[in-house]
There are 2 protein chains.
Amino acid sequence: MSHAPEGKPGTVRPGGRTARTRTDVLAATRAELTDTGLARMTVEKVAARAGVAKTTVYARWRDISGLIVDLLSELTVRTVPVPDTGSLEEDLRQLARSLLELFRSTEDLVMFEAIFATALHDREAREALSAFYAFRLDASAALVDRAAARGEVPPGTDRLEVIRTLSSAFYYRRFISGEPVTERDADRAAAVAAHSARAGLLVVPPA
Amino acid sequence: MSHAPEGKPGTVRPGGRTARTRTDVLAATRAELTDTGLARMTVEKVAARAGVAKTTVYARWRDISGLIVDLLSELTVRTVPVPDTGSLEEDLRQLARSLLELFRSTEDLVMFEAIFATALHDREAREALSAFYAFRLDASAALVDRAAARGEVPPGTDRLEVIRTLSSAFYYRRFISGEPVTERDADRAAAVAAHSARAGLLVVPPA
DNA sequence: ATACAAAGACAACGGGAGTTTCGTTTGTCT
DNA sequence: AGACAAACGAAACTCCCGTTGTCTTTGTAT
């Protein structure tokens, strides 16, 4: 199953050339992704653009899916800006707005689409994506903790579920039904999430 | 762009053989999809399984994406069961349960995954999928109309948005974050959608 | 029944993607 | 500084997918 002897590609010998190869190949992957697209992408062309032998890419990443997974692992590191305005609904609204912006950035969008497409058939990619969202959700949920401390939401409120309720509307429109996403949708999603949380609909199961 | 001279493949001459070929090929596509997967699927193997020359498939469907689109168009015809219990929240809960069941059926799930993956890079597939959801949403929204007639929701409530609010939670968990979906999630989604609708959060924009 | 065109079958071809082999470079350890 | 193995590069090779051209079958109109 796994191709690399160690966790991340090239960790055995993270010297100058190896590290440079990795960054070059990942950069080439991004570039090919944006102007060729995942469907018509090939390992050979990525290697050519990176100025690297294709055998190198095959040895370290195995295939396109491996490249995408590695790309995602880098994305996870980025810190998520979590708003803190003193109001749950306002925090959620701001979070929704940044999600909206993310989906309007062509560069990031292409990458998300590639990751989703890969995760649909590749197990490693699926796990990497789940881990990515587990991390993001947990980080964003800090604003729910603060709302709970202020007494804005009832005790027992599921901190992650509030963020899920907010996010799902965007992903659904953008990637499932294919409808456009507007500022109005962002504000409405924030209102729904905040209202539901305050009403105690998003509490953790009694176990 | 478009390959066939007419709208649907084989409408020029819908005689016995042509129709039989279509059903055989689509059946073979389903079969290949379930036990080979979209990623490793190829037109040649589909044709072989269907007992048809591969040139025939290439001529009528052009590529795998075309096959998937045609498969989706058949799925659209299926009528959606819309509950009518006399209560908005109960209707939504039942709708949520059937969605849950849909995502637990391995056969249907494989197909949805294939369609989503295809829609991410193929324009025709994207349009077909949007049309599919436009149809499904509109059909399901009938239960919102009845709730409105009963006065359960305020006037001006966006009938489609209620269904979207219900559905999005499922799709998000299942295809984006990759988390499991349970009965509890179904009931909670129904509660959120019903509560939000009653609170007037899902009204159409004033325009 | 006959004619005609559409749809399909068959065979051969071309090309490109992934694999294999082997030689070379380079990072690290002593 | 030298040894050793990891990482990379280059070329040849193989396989399979998609295309093309031609002939045959079949549905439909007259």
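Reader: Hi! Setting aside neighbours within four places in sequence, what is Thr165(B) in contact with?

Author: Hello! In this predicted model, Thr165(B) is in contact with Ala169(A) and Val192(A) from chain A, and with Val192(B), Ala193(B), Ser196(B) and Leu202(B) from chain B, once its neighbours within four places in sequence are left aside.

Reader: Which helix is Thr165(B) in, and is the residue buried or exposed?

Author: Thr165(B) belongs to helix H9 of chain B. It is buried, because 29 other C-beta atoms lie within 10 Å, and the cut-off for buried is 20 or more.

Reader: Let's zoom out to the two chains. How many residues of each are in contact?

Author: There are 31 residues of chain B in contact with 31 residues of chain A. On the chain B side, helices H6 (106–119), H7 (123–140), H9 (159–177) and H10 (183–198) each supply at least two residues. H9(B) gives the most, with nine residues.

Reader: And what classes of residue make up the side of chain B that touches chain A?

Author: That side has 16 nonpolar, ten polar and five charged residues.

Reader: I was also looking at Ala117(B). Where is it found, and what does it contact beyond its neighbours within four places in sequence?

Author: Ala117(B) sits in helix H6 of chain B. Beyond those sequence neighbours, Ala117(B) is in contact with Ala117(A), Leu120(A), His121(A) and Leu38(B).

Reader: Why does Ala117(B) count as buried?

Author: Because Ala117(B) has 23 C-beta neighbours inside 10 Å.

Reader: Switching to chain A as a whole: how many helices and strands does it have?

Author: Chain A has ten helices and zero strands. Its C-alpha atoms fill a box of roughly 60 × 35 × 30 Å along the principal axes.

Reader: What share of chain A is buried?

Author: Of its 207 residues, 38% count as buried. On contacts in chain A with a separation of 6 or more, 62% come from residues 24 or more positions apart.

Reader: What does UniProt list for residues 42–61 of chain A?

Author: The UniProt record, an unreviewed entry, lists residues 42–61 of chain A as "DNA-binding region". In the model, that stretch is 80% helix and 0% strand, and its end C-alpha atoms are 12 Å apart.

Reader: Which residues of H2(A) are buried?

Author: In helix H2 (residues 43–50) of chain A, the buried ones are Val43(A), Val46(A) and Ala50(A). Viewed down the axis of H2(A), they fall within an arc of 65°, so they line one face of the helix. Just after H2(A), Gly51(A) takes a positive phi of about 70°.

Reader: And over in chain B, which residues of H3(B) are buried?

Author: Those are Val57(B), Arg60(B) and Trp61(B). Their arc, seen down the axis of H3(B), is 80°, so they line one face of the helix too. The face of H3(B) turned away from the buried side carries exposed Thr55(B) and Ala59(B).

Reader: What comes just after H3(B)?

Author: Arg62(B), which takes a positive phi of about 75°. Most residues other than glycine have a negative phi. Arg62(B) lies in the loop between helix H3 (54–61) and helix H4 (64–77) of chain B, and is partly exposed, with 18 other C-beta atoms within 10 Å.

Reader: What about Arg62(A)?

Author: Arg62(A) has a positive phi of about 75° although it is not a glycine. With 17 C-beta neighbours inside 10 Å, Arg62(A) counts as partly exposed.

Reader: Last one! How do H5(A) and H10(A) cross?

Author: Their axes come within 8 Å and cross at roughly 145°, and the crossing is right-handed. Among the residues that meet are Leu92(A) and Leu100(A) in H5(A), and Ala186(A) and Ala190(A) in H10(A). By class, this contact has eleven nonpolar, no polar and five charged residues.

Terms used. Residues are numbered from 1 along each chain as its sequence is written. Chains are lettered from A and ligands numbered from 1 in the order in which they are written. This is a predicted model: local features need pLDDT of at least 70, side-chain atom pairs count only at pLDDT 80 or more; totals for chains, interfaces and linings use all residues. Two residues are in contact if their C-beta atoms, placed from the backbone, lie within 7 Å. Helices (H or I, at least four residues) and strands (E, at least two) are DSSP runs, numbered from the N terminus. Ala, Val, Leu, Ile, Met, Phe, Trp, Tyr, Cys and Pro count as nonpolar, Asp, Glu, Lys and Arg as charged, and the others, Gly among them, as polar. A residue is buried if 20 or more other C-beta atoms lie within 10 Å of its own, exposed if 12 or fewer, and partly exposed in between; C-beta atoms are placed from the backbone. UniProt positions are given in the numbering used here, feature names are shortened, and annotations may be inferred rather than shown by experiment. The arc is that of the directions from the helix axis to the C-beta atoms. Axes are lines fitted to C-alpha atoms, for helices over the stretch in contact, and angles run from 0 to 180 degrees between N-to-C directions. A crossing is left-handed if the near helix is turned anticlockwise from the far one by less than a right angle, and right-handed if clockwise.
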